[in-house]
Amino acid sequence: MPELCGIELAHPVINASGTYDAIAARKVFGDELLEAFPFSAFVSKTITPEPRAGNAPQRIWETPAGMINSIGLPNKGLEGFLVQDLPQLAELPVPLIVSVMATGRSEFARLVEAVAAREEVAAVELNVSCPNVHSGLIVGEQPAETEALLETLRPLTQKPLIVKLTPNIASPDAVAVAAEAGGADAVSLINTLKASAIDPATGAPALAAGHGGLSGPAVRPIALQQLRAVRAAVELPLIGMGGISSGADAAEFLAAGAALVAVGTESFRDPRAGSRIAKELETAMSGAPARVRALDLQ
Ligand SMILES: Cc1cc2nc3c(=O)[nH]c(=O)nc-3n(C[C@H](O)[C@H](O)[C@H](O)COP(=O)(O)O)c2cc1C
């Protein structure tokens, strides 16, 4: 049975933060969702200390083999999350991982302390693709900032701390090494790649924010390359994601060194993608495709 830092999981497929609204899905699918939940753990949308409205529309733009989003982390803030969302997410039949982001170490600490103290929460994911208000630097782009953040957060909880890397730098493996040195328990990658599109109808940027983050199958080879580089650099368990749409894709990430995989953009196309990919992965890992290929040759 797969596990992450001691948390037992029914299969190796979880969701990517911000791409599956379990509370909305429960309203649509009712208790059927609880009986056949697509993922073996649920990662929340990233929460910030205060509520955020997110960016103005247009916030999503389809691209060949992917999409660019500039959603801008709309969320209810820490208090809203704890009071309104956490009780509902706690009803899910799988371990809960809460994703958090802040623009300073003390604010990050406030989030981690409050969230990790709740028994409903199994682990915390640190979304470090954000600027530090004091230095102006994106924490996850700087190994020293990442290590210092982990050194602040590590003493606050014994629950697993997962660092989600940004792919928008030359050496994400150096940030993974820093996260490991600071006391992280696991690393997840990749977040979205910086991207822009022009609306051909207007000649203006397609997204109101001017740019956003690319996800979906288009990013998969980049994710695999970064995963391989990080795998070579650290001992920590890795959660691999970026364009996974099938069990065969997931098998590639496991072969490249991931302990678990996460599915993001594919869930917008197929809300049951998590279960489908887990089933396809089981078949892929049992060697059935090879037998099927052999039958084709006869
Ligand atoms: C609409 C959308 C919202 C996202 N929101 C978050 C978020 O709140 N926090 C986060 O860490 N990553 C967020 N991501 C990034 C995904 O978790 C994931 O890292 C990325 O999309 C790559 O995986 P994929 O190609 O399977 O989608 C978001 C991605 C999309 C497409």
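Five of the five residues of strand E7 (residues 96-100) are buried, so this strand is largely enclosed by the rest of the structure. Here, buried means under 20% relative accessible area, exposed means over 50%, and partly exposed lies in between (1.4 Å probe, protein chains only). Strands (E, at least two residues) and helices (H or I, at least four residues) are DSSP runs, numbered from the N terminus. The structure is a predicted model, in which local features need pLDDT of at least 70, side-chain atom pairs count only at pLDDT 80 or more, and totals for chains, interfaces and linings use all residues. Residues are numbered from 1 along each chain as its sequence is written, and side-chain values use heavy atoms, with hydrogens and water left out.

Within E7, Leu96, Val98 and Val100 point one way, while Ile97 and Ser99 point the other way, and all are buried. Two strands are taken to pair if DSSP finds at least two bridges between them. Strand E4 (residues 42-43) pairs with E7 in the parallel sense over two bridges. In this pairing, phenylalanine 42 has leucine 96 of E7 as its bridge partner. E7 is also joined to strand E8 (residues 121-127) by five bridges, and these two strands run parallel. Valine 98 stands opposite valine 124 in E8, and valine 100 stands opposite leucine 126 in E8. Between E7 and E8 the chain passes through helix H4 (residues 105-116), and this β-α-β crossover is right-handed. A crossover is right-handed if, with the strands pointing away from the viewer, the path from the first strand over the helix to the second runs clockwise.

Strand E8 has six of its seven residues buried, so E8 is largely enclosed by the rest of the structure. Four bridges, in the parallel sense, pair E8 with strand E9 (residues 161-164). Leucine 126 stands opposite valine 163 in E9. The chain crosses from E8 to E9 through helix H5 (residues 143-153), and this β-α-β crossover is right-handed.

The ligand is surrounded by 23 residues, and the closest are Thr46, Lys164, Ile190, Gly243 and Thr265.

A polar side-chain atom of threonine 46 lies 2.6 Å from a nitrogen atom of the ligand. For threonine 265, a polar side-chain atom lies 2.6 Å from an oxygen atom of the ligand. Glycine 216 contributes a polar backbone atom, which is 2.8 Å from an oxygen atom of the ligand. On its own the ligand has 610 Å² of accessible area, and the protein covers 97% of this area. Accessible areas come from the Shrake-Rupley method with a 1.4 Å probe; for residues, only the protein chains shown count as cover.

Two cis peptide bonds can be described. One joins proline 57 and glutamine 58, with omega about 5°. Glutamine 58 is found in the loop between E4 and strand E5 (60-63). Another cis peptide bond runs from leucine 189 to isoleucine 190, with omega near 10°. Isoleucine 190 belongs to the loop between strand E10 (186-189) and strand E11 (193-195), and this residue is among the closest to the ligand.

Positive phi values are next. Cysteine 5, a residue other than glycine, has a positive phi near 50°. Cysteine 5 is found in the loop between strand E1 (3-4) and strand E2 (7-8), and at 30% relative accessibility it counts as partly exposed. Leucine 73, likewise a residue other than glycine, has a positive phi near 55°. Leucine 73 lies in the loop between strand E6 (66-69) and helix H3 (77-89), and at 16% relative accessibility it counts as buried.

Methionine 285 is placed in helix H10 (residues 273-285). With 55% relative accessibility, methionine 285 counts as exposed. The C-alpha atoms of methionine 285 and alanine 251 are separated by 7.2 Å, and these two residues are 34 residues apart along the chain.

Methods: A residue is near a molecule or strand if one of its heavy atoms lies within 4 Å of it. A polar contact is a pair of N or O atoms within 3.5 Å; within protein, one must be able to donate a hydrogen and the other to accept it, and residues adjacent in sequence count only if both atoms are side-chain atoms.
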